[in-house]
Structure formats: C-alpha cells, structure tokens
Amino acid sequence: MGDMTLLLLNAALTAFGFFVAAPIFLSSVSTFTVQKRFAETMVQEKIIKEEKVREIQPKKQIAGVLITVVVFAAAVFTSLKIDFGMICLAVGFAAGLLKFRKTVQFNTLTVKRFQSTYAGSYDEAKLKKYVNKIF
C-alpha cells in the first residue's frame with residue numbers, strides 16, 4: 001500500500017471515529033440513561049402516558065444497540081486491515097467522545113429527542129411549561 005493511500009485511509013478512519021462512531025455510541029448510551037430518565041420524569045409530570053413510553057422506549061433502545069454494533073463492527077474490521085488503523089480509529093473516537101459528550105447530559109437536545117420520539121403522544125403545553133421551568 002502506498003504511503004499516500006495509507007495516509008488517506010487513516011485520515012478517513014480518524015474522521016469516521018470522530019464524526020460517526022462517537023456520536024452514534026453516545027446516542028445509544030443516552031437512550032439508556034438520559035432519555036430514559038427524562039421519559040420517566042415526563043410520566044411523573046403527567047406529560048405522557050406510561051404505556052406510550054413502555055411501547056416506544058424499548059424499540060428505540062434495541063435500534064440504538066443494533067446500529068452501534070454494526071457501525072463498530074464495520075469500523076474495527078476496516079481498521080484491522082490498515083496499518084495503524086486501530087490507533088487512528090481510537091484517536092478519532094476518543095476526540096469525538098470528548099467533543100460530543102453533552103449528548104449524555106440533560107439539556108435541550110434531550111427535549112428535542114423526546115419531542116421527535118414521542119411526537120403526537122404528549123401534552124405540548126405541559127412540556128413547554130416544564131421546559132421553561134427547568135431551563
């Protein structure tokens with residue numbers, strides 16, 4: 001493999017780790033932590049019904065895990081075939097974790113994800129009142 005080709009492939013792996021693998025991993029983790037707690041809070045605040053959360057949340061968690069596994073398997077398989085590939089993938093992934101770590105914190109992104117996940121299933125006025133109180 002030529003030096004320039006190796007450089008480009010490793011740069012692509014680093015970018016993939018930063019822009020794709022890290023956000024997908026953090027989003028999957030967020031589904032099991034922050035988004036789940038937020039949905040439970042919305043049930044307690046009577047903004048959404050518990051049945052709707054029990055119906056949608058597990059599907060979202062399964063989808064998140066499957067997507068994460070596929071992305072990581074493809075990234076690791078590819079990086080094992082390239083010299084220094086694992087190192088470049090790990091560096092990009094670590095930098096991405098540091099950059100996008102707010103995904104696993106309670107913030108406005110959590111509210112937006114809740115709104116898109118449970119669209120049409122919650123009381124918008126109560127959610128707006130709750131968000132204004134918290135933020």
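Mentor: Start with one term: a residue counts as exposed when its relative accessible area is over 50%, and as buried when that area is under 20%. Keep in mind that this is a predicted model.

Trainee: Okay. Which exposed residues sit on the face of α4 turned away from its buried side?
Mentor: Ile87, Val91 and Leu98.

Trainee: And which residues of α4 are buried?
Mentor: Gly85, Cys88, Leu89, Gly92, Phe93 and Gly96. They cover an arc of only 130° around the axis, so they lie on the same side of α4.

Trainee: Why would residues a few places apart point the same way?
Mentor: An α-helix has 3.6 residues a turn, so residues three or four places apart point the same way.

Trainee: What does the buried side of α4 pack against?
Mentor: The buried residues of α4 pack against α1 and α3.

Trainee: How many residues does α4 have, and how far does it reach?
Mentor: α4 has 15 residues. From first C-alpha to last it reaches 21 Å, close to the 21 Å expected at 1.5 Å a residue.

Trainee: Switching to rings. How many aromatic pairs are there?
Mentor: The count is 10 aromatic pairs. Take Phe25 and Phe72: their ring centres are 6.0 Å apart and their planes stand at 80°, so this pair is edge-to-face.

Trainee: Where are those two in the chain?
Mentor: Phe25 is in helix α1 and Phe72 in helix α3.

Trainee: Which rings form a cluster?
Mentor: Ring pairs link Phe38, Phe106, Phe114, Tyr118, Tyr122 and Tyr130.

Trainee: What about the largest nonpolar core? Which members touch the most others?
Mentor: This core has 14 residues. Phe38, Met42, Ile48, Phe114, Tyr118, Tyr122 and Leu127 touch the most other members. Helices α2, α3, α5 and α6 each supply at least two residues of the core.

Trainee: Zoom in on Phe38. What does it touch?
Mentor: Leaving out residues up to four places away in sequence, Phe38 touches Phe106, Thr110, Val111, Phe114, Leu127 and Tyr130.

Trainee: Which residues are in the second core?
Mentor: It is a separate core of five residues, including Leu6, Leu13, Ile82 and Leu89.

Trainee: Next, Asn10. Where is it, and is it buried or exposed?
Mentor: Asn10 is in helix α1, residues 3–32. Asn10 counts as buried, because its relative accessibility is 9%.

Trainee: What does the Asn10 side chain meet?
Mentor: A polar atom of the Asn10 side chain lies 3.1 Å from the backbone oxygen of Asp83. Beyond neighbours within four places in sequence, Asn10 contacts Ile82, Asp83, Phe84, Gly85 and Cys88.

Trainee: Last one, Lys133. Buried or exposed?
Mentor: Lys133 is exposed, with a relative accessible area of 58%. Lys133 belongs to helix α6.

Methods. Residues numbered from 1 in each chain as written. Predicted model: local features only at pLDDT ≥ 70, side-chain atom pairs only at ≥ 80, totals over all residues. Heavy atoms only, no water. Helix = DSSP H or I, 4+ residues; strand = E, 2+ residues; numbered from the N terminus. Buried < 20%, exposed > 50% of the residue type's maximum accessible area, 1.4 Å probe, protein only. Polar contact = N/O pair within 3.5 Å; in protein donor to acceptor, adjacent residues only side chain to side chain. Contact = heavy atoms within 4.5 Å. Phe/Tyr/Trp six-rings, centres within 6.5 Å; stacked < 30°, edge-to-face > 60°. Core = buried A, V, L, I, M, F, W, Y, C linked by side-chain atoms within 4.5 Å. Expected span 1.5 Å × (residues − 1). Arc of directions from axis to C-beta.
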